[in-house]
Every structure is written in C-alpha cells, then in structure tokens.
Amino acid sequence: MSDWHDVREELRAFALRLPEAHEDHPWGETVIKANKKVFLFLGIDEQTEKWDSMFSVKLVSEAHGHALTVEGAAPTGHGLGRAGWVTVPFLSELPETEVLLDWVEESYRAIAPKRAVKQLDEHPVR
C-alpha cells in the first residue's frame, strides 16, 4: 500500500476486530482501546504543519528494536517510551503490512485484559 491513509485504515480495522476493542478520540486523536486502556495510537486523521501522520504501539519483544529501525521512529513521548512504546511515522518506508499488524497484535496482548487475550487465542482474527 502506498498511501499512508490506506495503511492507517488497515491497522485501525484490524485493531477493531480484536476482542473488546473500541475506538475513542481523546485529545482529538484516534486511539483504539481494549477495555479502558489504549493499545494503538493512530494520531490525527490528517497531517498538519504541526502534526505528522504516525502511530504508536507498545512492543516488548525484539519487535521493539525492529520498529526503531524505521526512519523517524522513536520511543513515544510523555514517558511512554520507557515502557516500550514506539512511535512510527506513516510517511517513512514501512515494513510489510503483516509486520505492522503483528506489532498491533503484540501491543494489544501487552495491554488487553487476560480474558480478552484468551478469547483472541481461542478465536484468532487472522
């Protein structure tokens, strides 16, 4: 997919198929939550002079290091980076979409309630 909007929508749609996932819009940004906790930050819908298009996920495996190799990727601000959160710009050369979906699922598994993760294990969404 060449257009970042398409990639963003694919990540969003996948995340919303995960058990107990729902969309919210705090701070004017799109986030996907499991229960009451965010597992995917999708930022604002359109790029502006002040905001670039990017997403953030919590990665606790070797995927963390892989995500940081994407040009422009960095530990997420506001102290989240210390907990494994990585922010990745959509406008960089990204890995294959399947890798990005793996990152979303890993973030979900790190954040979602155990009952929801168990439900995902019993009924995979892909």
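**Figure 1. Contacts across the whole chain.** Residues 24 or more positions apart account for 52% of the contacts in the chain with a separation of 6 or more. The model shown is predicted. The chain holds four helices and six strands. Read from the N terminus, the order of elements is α-β-β-β-β-α-β-β-α-α. How many of the 126 residues count as buried? The share is 47%.

**Figure 2. Overall dimensions of the chain.** The C-alpha atoms fill a box of roughly 40 × 30 × 30 Å, taken along the principal axes. The radius of gyration is 14 Å. A compact globule of 126 residues would have a value near 14 Å, so the chain agrees with that expectation. The chain exposes about 7,100 Å². Carbon and sulfur atoms supply 50% of that area.

**Figure 3. Helix H3.** This helix covers residues 97-111 and has 15 residues. From its first C-alpha to its last, H3 reaches 21 Å. That is close to the 21 Å expected at 1.5 Å a residue. Which residues of H3 are buried? They are Thr97, Leu100, Leu101, Trp103, Val104, Glu105, Glu106, Ser107, Tyr108 and Ile111.

**Figure 4. The two sides of helix H4.** Helix H4 spans residues 114-122, and its buried residues are Ala116, Val117 and Leu120. Seen down the axis of H4, these buried residues fall within an arc of 100 degrees, so they line one face of the helix. What covers them includes H3. Now look at the face of H4 turned away from the buried side. There sit the exposed residues Lys114, Arg115 and Lys118.

**Figure 5. Ser56 in strand S4.** Strand S4 runs over residues 54-58, and Ser56 lies in it. Is Ser56 buried or exposed? Its relative accessibility is 6%, so Ser56 counts as buried; the cut-off for buried is under 20%. Leave aside the neighbours within four places in sequence. Ser56 is then in contact with Phe39, Leu40, Phe41, Thr76, Trp85, Val86 and Thr87. With Thr87, the side chain of Ser56 also forms a polar contact of 2.6 Å.

**Figure 6. Thr87 in strand S6.** Thr87 belongs to strand S6, residues 85-89. Thr87 has a relative accessible area of 13% and is buried. Which side chains make polar contacts with that of Thr87? One is the side chain of Ser56, at 2.6 Å. Another is the side chain of Thr76, at 2.8 Å. Not counting residues up to four places away in sequence, Thr87 touches Met54, Phe55, Ser56, Gly72, Ala73, Ala74 and Thr76.

**Figure 7. Glu20, a residue with positive phi.** Most residues other than glycine have a negative phi. Phi of Glu20 is near 65 degrees, a positive value in a residue other than glycine. Where is Glu20 found? Glu20 is in the loop between helix H1 (4-17) and S1. Its relative accessible area is 32%, so Glu20 is partly exposed.

**Figure 8. Pro26 and Trp27 in the S1-S2 loop.** Strand S1 covers 21-24 and strand S2 covers 30-34, with Pro26 in the loop between them. Trp27 is also placed in the loop between S1 and S2. Pro26 has 18% relative accessibility and counts as buried. Trp27 has a relative accessible area of 64% and is exposed. The backbone of Trp27 deserves a look too. Phi of Trp27 is near 60 degrees, a positive value in a residue other than glycine. How far is Pro26 from Val88, C-alpha to C-alpha, and what is the separation along the chain? The C-alpha atoms are separated by 19 Å, and the residues are 62 apart along the chain.

**Figure 9. Ala83 in the S5-S6 loop.** Strand S5 covers 74-75, and Ala83 is found in the loop between S5 and S6. What is the relative accessibility of Ala83? The value is 38%, so Ala83 counts as partly exposed. Ala83 and Leu59 are 24 residues apart along the chain. Their C-alpha atoms are separated by 8.7 Å.

Conventions: Residues are numbered from 1 along each chain as its sequence is written. This is a predicted model: local features need pLDDT of at least 70, side-chain atom pairs count only at pLDDT 80 or more; totals for chains, interfaces and linings use all residues. Side-chain values use heavy atoms; hydrogens and water are left out. The expected span of a helix is 1.5 Å times one less than its number of residues. Buried means under 20% relative accessible area, exposed over 50%, partly exposed in between (1.4 Å probe, protein chains only). The arc is that of the directions from the helix axis to the C-beta atoms. Contact means heavy atoms within 4.5 Å. A polar contact is a pair of N or O atoms within 3.5 Å; within protein, one must be able to donate a hydrogen and the other to accept it, and residues adjacent in sequence count only if both atoms are side-chain atoms. The radius of gyration is taken over C-alpha atoms; the globule rule is 2.2 Å times the number of residues to the power 0.38. Accessible areas come from the Shrake-Rupley method with a 1.4 Å probe; for residues, only the protein chains shown count as cover.
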